[in-house]
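Student: Hi! I have just opened a structure that is new to me. Could you walk me through it?

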Amino acid sequence: MDVGDDDVRLVLVQTFKRASVGDLEHERLAVELASTYAQTENQKAFGVEFVRLLKFALVVYKREPEVERIIDFAARFAASFNTDDDEHDCLDNFFTFFVDFLLKNHDAQNKAVRFRICHLVRRLFAQLGDKAVLDEVLDGLCDIMLERLCDRVSTVRQQAALALTHLQDPVDPNCPVTAGFMHLLERDPYPEVRRAVLLSLSPSLRSLPYMLGRTRDVHESVRKAAYEVLAKTVHIDGLKIAQRVSLVRQGLTDHSQGVRNTVRSRLLPAWLQSLNGEPLALLSRLDPESDIDASFLVLRALFANRACDVKREFAMLHEGYICSISSKNSSNSDDLFCVDNIRKEMIAQQLVCLAKYLDLSDEAGRHKLLTTVSHLLSDSFLPLSLAPPLASLLFTLETLPDRRLQLVAEIVSELRDPFPVPQPIDAETIRHDELELARLRVRMHEMGVTLDSCVQAKEYERAAELKTELGRLQTSLETLKKQSDLIALDSTHEVEQKSDPSSLLRCLALLEELLKGCHPGTAISPILLELLNTLVLTGVTSEDPQVREVAVRCLGGIGLLSCPVAFQHLPLLLQMSQLDEEQVRVAALHSIFDFIQLFGLEALEPHDPRGSPTGDLKLDELEDSPKEHVEKAMATNILKLLTALLDSEACGRLASPRLLSRLLLLWHNPSAPGGTKLRSCLATFFPGYAAACRSNRDVLANSLLPTLRTLHSAPISSPLASVEPLKVVRLVVGLSDTSPSNTRQWNSVLAQEDMSVHESLALQLCNALLEELNDPETKEAKTSWWTIVLLKALAMLHVSGTEHSTMQHLQNMLQRIKAGTGDRICKQLAKKAMTNLCKNVQAARDCTALSTDGLARSAPSN
């Protein structure tokens with residue numbers, strides 16, 4: 001029975017109303033409406049009416065539940081007409097009509113319509129599922145969604161990306177959908193769009209780098225989505241080792257708690273599940289040999305809620321297991337043995353680090369663990385890599401400082417002073433001595449019995465002889481016993497104190513961990529002084545540079561506890577900072593800087609009670625000078641010795657305007673050693689240095705002229721010849737400017753300065769200009785590069801104008817400069833500098849007058 005147009009309109013209206021109420025009836029409503037469509041006389045009118053009712057939902061931009069249900073129903077109903085059955089060919093007309101409607105309206109001016117069209121296409125493809133094989137009709141939908149990826153509204157781009165999820169071909173290197181997704185991942189400014197693209201993008205060799213890049217996105221939700229997608233779609237073996245390590249390191253140290261939780265709860269469990277739940281297999285994928293920190297982060301994250309697994313594996317802490325990682329077998333050339341040894345060391349390190357998180361409230365358990373750790377540290381065959389973590393665990397278990405030091409001294413003594421070793425004795429000699437002793441004892445026993453008999457028989461004369469003989473035998477017995485004791489004593493010999501690199505490194509590592517927990521100013525005990533003399537100084541003189549490096553760090557740590565000790569060993573550290581290998585020099589410099597920052601330069605320089613000036617000795621004179629002269633010259637030459645380091649690859653310590661000039665040249669030198677890292681450090685140092693105090697800004701201002709002179713005299717072949725002098729001028733002027741317009745960039749303290757450093761800098765520049773103008777060569781040339789640079793620098797200054805005499809002097813000097821130059825450009829620059837000076841003076845006078853007027857008004861009247 002055919003259905004008329006009015007009946008169709010009524011059925012459609014009722015169907016849309018029922019569909020907007022709930023989605024449980026959508027499937028049944030779609031079947032009923034399809035049956036009505038099949039019985040309709042004018043199927044085109046059906047499609048027009050269906051679209052007319054749908055338009056009421058398309059113009060709603062807000063995510064209303066009723067609108068969402070209508071969109072879902074419309075997509076379900078349209079998808080039901082896309083079939084390959086021949087008997088339903090007549091029904092395909094509605095699907096074609098519906099798609100044509102979407103193609104014609106996807107670029108409507110109303111953003112709500114564009115958004116809902118993309119939403120509708122997304123739901124349509126979701127309903128089609130596996131039947132969404134691209135043909136001419138669906139190709140058109142793919143094209144319009146690609147256009148919507150470039151829409152100006154972010155929500156439209158988001159829906160378009162979600163609609164294209166099933167239309168990408170990861171295998172095709174020229175897939176336009178994948179290309180559009182990667183473009184949005186890199187360029188789209190809205191995080192919700194980047195997140196939608198991440199959820200839609202299929203992993204491939206082409207798209208994987210873009211997905212990994214989003215783990216460093218600026219928005220937290222995008223980073224979380226990136227880790228979720230990687231955990232869900234990318235197998236751990238599909239990533240390179242560097243990519244895996246980078247993912248866990250960045251994810252587990254992310255500043256967002258949500259991202260860290262995502263890595264712990266999604267990424268790591270997915271990787272672990274793909275490896276049959278074996279943590280060691282996961283660690284083998286992270287290359288723990290080269291990056292142990294990342295492996296440590298992973299272990300902590302995995303075992304956070306798996307205490308039973310950790311407890312089971314702690315049997316590996318038994319001394320038998322750790323000693324099986326024996327350094328005495330390190331000479332084994334078998335590659336498999338070396339790999340297995342490295343794996344065991346890494347596991348032992350992680351277990352030692354995790355031991356800190358055990359429940360240490362049990363006194364007996366803590367004492368047992370403390371004894372085990374002390375015994376392990378005393379083992380001479382312990383691998384060097386386990387010494388620092390075991391030492392740290394030892395000091396976690398033992399909190400008393402005195403007891404810590406006592407444990408360190410005992411362990412060091414056991415490592416370096418082994419027990420005497422018994423030597424084999426001749427068996428024949430031992431047997432002869434034993435027989436002789438036995439014979440004497442038997443003879444003495446017989447004589448004693450005879451003596452008793454003689455006394456009872458009153459043979460006193462015979463008894464006296466026996467007694468004399470018995471005394472002689474007793475003397476022989478004692479002599480023979482002493483000889484046997486001497487032979488036994490000679491059978492053992494004292495072993496020399498160990499000074500091999502392995503023993504020294506283990507002892508020094510233990511001492512270094514102890515010093516990390518000591519606060520500066522702590523009294524030095526006699527035990528620590530003994531360790532300094534017997535262990536640290538022995539390590540400083542070792543031939544092994546690694547031993548010297550650790551020994552220097554220990555020497556610096558002990559020096560921080562006492563200023564006299566620091567001063568006593570400062571010459572040694574200075575010598576090592578100049579003459580030793582690079583890593584040892586760096587360690588010595590760190591110790592020297594720590595001494596200066598803690599005690600001050602004055603504390604390290606002894607004062608002559610007679611008031612005589614300290615000597616000025618050079619480095620090569622320190623060794624040949626008397627001790628008292630060396631001590632007097634040491635503190636005064638520290639800065640000179642450190643200044644020489646500015647010529648090396650490392651930057652030295654600032655102490656004067658000339659040194660600051662060297663740093664300015666290093667910053668601007670394009671070929672300076674250190675490159676970007678050095679310039680980044682200097683860019684952080686200069687603002688903090690200038691903002692610290694007035695004296696620092698004076699030093700900075702005084703460094704400008706030496707810097708400009710160096711640039712002026714640089715030959716053409718020098719990299720400094722390419723440095724623009726005005727860049728240096730603008731930097732120094734900006735850093736030293738305390739005018740009200742610039743104090744917002746610094747600190748309110750700068751506004752409290754009485755006088756700007758630019759006044760003294762202006763006097764320096766004017767004097768330099770007058771010297772230049774009085775030079776005969778400059779008079780003949782009428783102008784010079786140096787004159788122009790100095791005049792431009794003078795015009796950039798912000799003179800406060802608070803000192804009237806200084807301002808008058810500056811004006812007179814500028815008048816002389818203007819009259820002394822014959823070049824038009826120089827005269828204009830001099831005029832500009834004078835105008836700027838007068839403007840600042842007038843502004844200062846106005847400010848003073850305003851302040852005076854305010855004070856007068858606020859004063860009480862009589």
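Student: Let's start with helix 16. Which of its residues are buried?

Tutor: In this predicted model, helix 16 covers residues 292-302, and its buried residues are Ala294, Ser295, Val298, Leu299, Ala301 and Leu302.

Student: And where do those buried residues fall when you look down the axis of helix 16?

Tutor: They fall within an arc of 165°, so they line one face of the helix.

Student: OK, what about helix 10? How many of its ten residues are buried?

Tutor: Seven of the ten are, so helix 10 is largely enclosed by the rest of the structure. The buried ones are Pro191, Val193, Arg194, Ala196, Val197, Leu198 and Ser200.

Student: Which helices do they pack against?

Tutor: The buried residues of helix 10 pack against helix 8 (154-163), helix 9 (176-187), helix 11 (208-213) and helix 12 (220-233).

Student: Zooming out, how many helices and strands are in the chain?

Tutor: The chain has 41 helices and two strands. It has 862 residues, and buried residues make up 43% of them.

Student: Now the nonpolar cores. Which residues touch the most other members in the largest one?

Tutor: That core has 98 residues, and the ones touching the most other members are Phe50, Phe94, Leu102, Leu124, Leu141, Leu268 and Trp271. Another core, of 58 residues, lies apart from it, and Val352, Leu370, Val373 and Leu574 are among its residues.

Student: Pick Leu102, then. What is it in contact with, leaving aside neighbours within four places in sequence?

Tutor: Leu102 is then in contact with Ile117, Leu120, Val121, Leu124, Leu141 and Ile144.

Student: I keep seeing rings. How many aromatic pairs are there in the whole structure?

Tutor: A search of the whole structure finds 18. One of them is Phe73 with Phe77, a stacked pair at 6.3 Å centre to centre with 20° between the planes.

Student: Where do Phe73 and Phe77 sit in helix 4?

Tutor: Helix 4 spans residues 65-79, and being four residues apart there, Phe73 and Phe77 are separated by about one helical turn. Both Phe73 and Phe77 are buried.

Student: What about Phe81 and Phe94: what kind of pair do they form?

Tutor: A tilted one, with 4.9 Å centre to centre and 45° between the planes. Phe81 lies in the loop between helix 4 and helix 5 (92-105) and Phe94 lies in helix 5, so the pair ties together parts that are 13 residues apart in sequence.

Student: Are those two buried or exposed?

Tutor: Phe81 counts as buried at 2% relative accessibility, and Phe94 also counts as buried at 2%.

Student: Last topic: Arg116. Is it buried or exposed?

Tutor: Buried, because Arg116 has 0% relative accessibility. Its place is in helix 6, residues 111-128.

Student: What lies 2.8 Å from a polar atom of its side chain?

Tutor: The backbone oxygen of Lys62 does. Leaving aside neighbours within four places in sequence, the contacts of Arg116 also include Ala57, Tyr61, Glu64 and Ile71.

Student: And Tyr61, what sits over its ring?

Tutor: The charged end of Lys111 does, 4.6 Å from the centre of the ring.

Notes. Residues numbered from 1 in each chain as written. Predicted model: local features only at pLDDT ≥ 70, side-chain atom pairs only at ≥ 80, totals over all residues. Heavy atoms only, no water. Phe/Tyr/Trp six-rings, centres within 6.5 Å; stacked < 30°, edge-to-face > 60°. Buried < 20%, exposed > 50% of the residue type's maximum accessible area, 1.4 Å probe, protein only. Lys NZ or Arg CZ within 6 Å of the ring centre and 35° of its normal. Core = buried A, V, L, I, M, F, W, Y, C linked by side-chain atoms within 4.5 Å. Contact = heavy atoms within 4.5 Å. Polar contact = N/O pair within 3.5 Å; in protein donor to acceptor, adjacent residues only side chain to side chain. Arc of directions from axis to C-beta.
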